[in-house]
Amino acid sequence: MYSAHTESGISFDLALHSGLNGPDGDIRQSRQHSAEAVAQTFAYTARLKYTGIAGLELAASVQLQEDMSQGDTTPGNAGAATLVEAHGIYSIGAIKLTALYAQWDINFDGGSNPADKQNGGYLEASYRINDKTGVFARQNNWSTTDSVDKAQANVGVNYWVHEDVVFKADIQSQNEDAGNADGFNLGLGYQF
Amino acid sequence: MTGNIRDTVLLQYPFFLGQSRMFKNLLITLTLFVFLPGAVQARGVYQHPDEFVSQAFAQHPPESHIVWLKDELQQDVKHILGHAYRNRRIRYWLKDHRSVWVLEEIGKKQPITTGIIVNHGKIESIKVLVFRETRGWEVKYPFFTDQFKNVSLVRDQRLDKTIDGISGATMSVRAVKKLARMALYLDHKVDQP
């Protein structure tokens, strides 16, 4: 990986790494474990980011997967794929706003496939009440196959027991396409 | 094919020659960008500490003094940083109620060397002098450090003003904030009337 930045707040990163392994185009299931990754083909990622204004981050990334089937030439398999992503984050005082959008374009052997275009994004707003507590709300929308539009909303609270450790709790609501999995989540975050 | 990385790189080299014009063009563009004037690495010595001190006193710095972190000072500094400071002996320069400190605190893994000027109990300026990590370098920018101007301490050695953070530089921001608090606290202790 290579990273550099300019004095005006523009930075970029270039990475060469192992790719996905998922002939059916299921992005999530295509992720590999680094040490066990099949590396018949690679992936390349480039990111451009701007942080030259206090509290603002604007970034865009492109990732190219050489072959999502890692050399498996079975007819109908996913082949080369491209991911484009863009996001913006703006923090002012105790308020933080985030917006992100990403889209996959996957070439399937033999022509079109319901999963050849996948996209999604989210909008999030958070408020840090004090050193210990914060709240957030997030709206997620994503589509992994044609004519299926999934949506989920989350509202939650964070509690920092230590500056590096946070307890998280949120409730979620999904639409029918996403599975109507309404409920709550509990989590623990630790940064090191 | 064996599937190992070496064989894969050699066998897949023709990929660069013809299979992805879009990414090849992007890679070339970004590679040129690397060599454009102004492209720098995150790590670096932005200003030598001796030069910072000299500049702070218009090239005529006073004799330095030493403050020992022991007893109450040691406990209070530990409270500010969340851990004991790496040195028990801290050098500083003081003239006309204006003190200059060169302090270090770890961001994520490496120490960030920071110069701090305190004037009559308020921060006059903060400057990142040496940055040793690959992420979080944005703390060197004036848009971040200018927030500390005229900041002072309130109860519990906290800053009297909210400092806006930097996305992706949380730990570097936290380190600089802690050093600001530490410098203000030590200034209060050494610049007694």
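This is a predicted model: local features need pLDDT of at least 70, side-chain atom pairs count only at pLDDT 80 or more; totals for chains, interfaces and linings use all residues.
Good morning. Let us begin with one residue, B:L103, which lies in strand 4 of chain B.

Is B:L103 buried or exposed? B:L103 has 25 other C-beta atoms within 10 Å. The cut-off for a buried residue is 20 or more, so B:L103 counts as buried. Leaving aside residues up to four places away in sequence, B:L103 touches B:T114, B:I116, B:L179, B:M182 and B:A183. A further pair may be noted here: B:L103 and B:V128 are 25 residues apart in sequence, and their C-alpha atoms are 9.9 Å apart in space.

The largest nonpolar core has 40 residues, and B:I116, B:A180 and B:A183 touch the most other members. Which elements give two or more residues to this core? In chain B they are helix 4 (49–56), helix 5 (71–81), strand 3 (89–95), strand 4 (98–106), strand 5 (111–119), strand 6 (122–131) and helix 7 (170–190). Helix 7 of chain B gives the most, with 10 residues. As for B:A183, its contacts are B:W101, B:L103, B:I116 and B:V118, again not counting residues up to four places away in sequence. A second core, separate and made of 8 residues, includes A:L20, A:A78, A:A81 and A:I106.

Let me set out chain B as a whole. Chain B has 7 helices and 8 strands. Of its 193 residues, 31% are buried. Among the contacts in chain B with a separation of 6 or more, 62% are between residues 24 or more positions apart.

I now turn to chain A. How many helices and strands does chain A have? The count is 0 helices and 11 strands, and along the sequence the pattern reads β-β-β-β-β-β-β-β-β-β-β. Chain A has 192 residues, of which 18% count as buried. Of the contacts in chain A between residues at least 6 apart in sequence, 42% join residues at least 24 apart. Along the principal axes, the C-alpha atoms of chain A fill a box of roughly 55 × 45 × 30 Å.

How are the strands arranged? In chain A, an open sheet of 11 strands has the order 1-2-3-4-5-6-7-8-9-10-11, with antiparallel pairing. Why is one side of strand 1 and of strand 11 (183–190) of chain A left without a neighbour in the sheet? These two strands stand at the edges and each has a single partner strand, so one side of each has no neighbour there. On average, neighbouring strands of this sheet are turned by 15° against each other, direction ignored.

Some individual pairings deserve a look. Strand 1 (residues 2–5) and strand 2 (residues 10–18) of chain A run antiparallel and are joined by 4 bridges. Here A:H5 has A:S11, in strand 2 of chain A, as its bridge partner. The hairpin of these two strands has 4 residues between the strands, and in it A:G9 takes a positive phi near 100°. Strand 2 of chain A also pairs with strand 3 (residues 42–50) of chain A, in the antiparallel sense and over 9 bridges. In this case A:S18 stands opposite A:F42 of strand 3 of chain A. Further along, 10 bridges pair strand 4 (residues 56–65) of chain A with strand 5 (residues 78–92) of chain A, also in the antiparallel sense. There, the bridge partner of A:A59 is A:H87, in strand 5 of chain A.

The domain assignment divides chain A into domain 1 (1–128) and domain 2 (131–192). Taken over C-alpha atoms, the centres of these domains of chain A are separated by 21 Å. The contact takes 13 residues from domain 1 of chain A and 13 residues from domain 2 of chain A. On the domain 1 side, the touching residues divide into 6 nonpolar, 5 polar and 2 charged.

To finish, consider A:D177, in the loop between strand 10 (165–174) and strand 11 of chain A. With 14 other C-beta atoms within 10 Å, A:D177 is partly exposed. Not counting residues up to four places away in sequence, A:D177 touches A:V148, A:D149 and A:K150. A:V148 is 29 residues from A:D177 along the chain, and 6.2 Å separate their C-alpha atoms. Thank you for your attention.

Notes
Residues are numbered from 1 along each chain as its sequence is written. Chains are lettered from A and ligands numbered from 1 in the order in which they are written. Two strands pair if DSSP finds at least two bridges between them. A residue is buried if 20 or more other C-beta atoms lie within 10 Å of its own, exposed if 12 or fewer, and partly exposed in between; C-beta atoms are placed from the backbone. Two residues are in contact if their C-beta atoms, placed from the backbone, lie within 7 Å. A nonpolar core is a set of buried Ala, Val, Leu, Ile, Met, Phe, Trp, Tyr and Cys residues joined through C-beta atoms within 7 Å. Axes are lines fitted to C-alpha atoms, for helices over the stretch in contact, and angles run from 0 to 180 degrees between N-to-C directions. Domain bounds come from an automatic or database domain assignment. Ala, Val, Leu, Ile, Met, Phe, Trp, Tyr, Cys and Pro count as nonpolar, Asp, Glu, Lys and Arg as charged, and the others, Gly among them, as polar.
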